[in-house]
Amino acid sequence: MFGCITANRGELKVRELARYESWYCGLCLALGDRDSIAGRLTLSYDMTFLAMLLSSLYDEPISRAKILCPVHPLKRHRMRRTVFTDYAADMNVLLSYYDRLDDWKDERKTASYLQAKALQPGLARIKKEYPRQYRAVREYIRQLTDCEQTDSGSIELAASLTGKMLAEVFAVREDEWAQQLRTMGFFLGKFIYFTDAYEDIDKDIRSGSYNPFKGMSGREDFDDACRDILAMQMAECCRAFERLPLVRDVGILRNILYSGVWSGYAGAYRQRNGLRP
């Protein structure tokens, strides 16, 4: 489901790209420290964004170092890490576990089952440290399954479930910024769900799988209508983002929200319309 919260690298300055990668390396290191190899295999740029966002918002110490990467052992890489990098690592594992478990239940993918089992040992710690977030993700999976099986025809229902879940993940603390972070997470979650649905619409029609866009897939303006729906979610997400007092790495964060997240829609649009990549 996730995978689109990434930067538009072509629009980043050299220094910004290096900083972006250093946060990614920090997240990788945190996953390895907290969940060993199984955790590192869930590494994504989605939670890199969350680590950067929270580290920019809150004034917490940043650890910096040059480290040897197991994947690229011949050259040291810069790493940035805060308490929120560790938090993002835990959320990455939590989301990945239930995503793999859902794949196993829906499609009986053996690889997904094995990956979920490998992540299971870390769940007890995450449940204890972040019970609210743990409940939100677990309940989301249950409700989403019911929603897809019922298929009410509403394009909002499943997307709103994703939004509510991500809202709780974004709100790391119950403080003055919690509401804006929840609003960001809610609309970003809906954007992610709708993007995924748009990318999969043709495949889901062929397989008979649930997709909230099926009812409007025959419209001549289908692609544009989907883009308008996505734009509305992103506008609300960015409105909440701009209310936060961010300074550090704000250019990279804006690149991701205003440009990078659209890569999924753009790629699917080109494929659907026979355009060159």
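1. R173 lies over the face of Y58, 4.6 Å from the ring centre, and the charged end of R227 is likewise placed over the ring of W262, at 4.5 Å from its centre. A charge sits over a ring here if NZ of Lys or CZ of Arg is within 6 Å of the ring centre and within 35 degrees of the ring normal.

2. The model is predicted, so that local features need pLDDT of at least 70 and side-chain atom pairs count only at pLDDT 80 or more, whereas totals for chains, interfaces and linings use all residues. Residues are numbered from 1 along each chain as its sequence is written, and side-chain values use heavy atoms, with hydrogens and water left out.

3. A search of the whole structure finds 15 aromatic pairs, a pair being rings of Phe, Tyr and Trp (its six-membered ring) with centres within 6.5 Å, stacked if the planes are under 30 degrees apart, edge-to-face if over 60 and tilted for the rest. Y24 and Y45 form a stacked pair, 3.9 Å centre to centre with 10° between the planes. This pair links distant parts of the chain, with Y24 in helix α1 (residues 14–40) and Y45 in helix α2 (residues 45–57), 21 residues apart; helices are DSSP runs of H or I, at least four residues, numbered from the N terminus. Y24 and Y45 are buried, that is, under 20% relative accessible area with a 1.4 Å probe and protein chains only, exposed being over 50% and partly exposed in between.

4. Ring pairs also link F191, F194, Y198, F213, F222, W262, Y265 and Y269 into a cluster, in which W262 and Y265 are both buried.

Terms used
Helices (H or I, at least four residues) and strands (E, at least two) are DSSP runs, numbered from the N terminus.
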